[in-house]
Amino acid sequence: MLQIQQVSSNALQSQTLILPDGSEIALTVYFSPIQFGWFINSLVYGSLTIKGLRITNSPNMLHQWQNLIPFGLACFSVNNREPSQQNDFLSGASSLFILTQAEVLEYAAYLAGGSV
């Protein structure tokens, strides 16, 4: 897992993430105070664009796209509280991680009843 450390407390932010194979992910996230949560405004990888996905505690929020992308996106938070505050990523209460393709496959095998 590769931690995404650039997430600040800005309500809207965009960044380009470089995967180990050199390919790029364009990620824009935003905080909605009305919904008390962080959302993926857009995640662009090649020809795939994902929009409007709420960031929640998950070992792989992108599991449903595992056959289209060679990575995953995980979020873990202190005390299992969802990232609901604007400063959660800056304070360390929540963390985002890019999963490698091997980690995505391990998680899929675990869900299918295999062992990790």
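The protein exposes about 6,400 Å², and carbon and sulfur atoms supply 52% of that area. Accessible areas here come from the Shrake-Rupley method with a 1.4 Å probe.

A word on the source. This is a predicted model: local features need pLDDT of at least 70, side-chain atom pairs count only at pLDDT 80 or more, and totals for chains, interfaces and linings use all residues. Residues are numbered from 1 along each chain as its sequence is written, and side-chain values use heavy atoms, with hydrogens and water left out.

Now the inside. Of the 116 residues, 43% count as buried, meaning under 20% relative accessible area (1.4 Å probe, protein chains only).

Next, the elements. The protein has two helices and eight strands. Helices (H or I, at least four residues) and strands (E, at least two) are DSSP runs, numbered from the N terminus. The order from that end is β-β-β-β-β-β-β-α-β-α. The radius of gyration, taken over C-alpha atoms, is 14 Å, close to the 13 Å from the globule rule for 116 residues, so the protein is as compact as a globular protein of that length. That rule is 2.2 Å times the number of residues to the power 0.38.

Which strands form the open sheet? Three do, in the order β1-β8-β7, with antiparallel pairing. Strands pair if DSSP finds at least two bridges between them. β1 (2-4) and β7 (72-77) stand at the edges with a single partner strand each, so one side of each has no neighbour in the sheet. β1 and β8 (residues 94-99) pair over three bridges. There, Ile4 has Leu96 in β8 as its bridge partner.

Conventions. Buried < 20%, exposed > 50% of the residue type's maximum accessible area, 1.4 Å probe, protein only.
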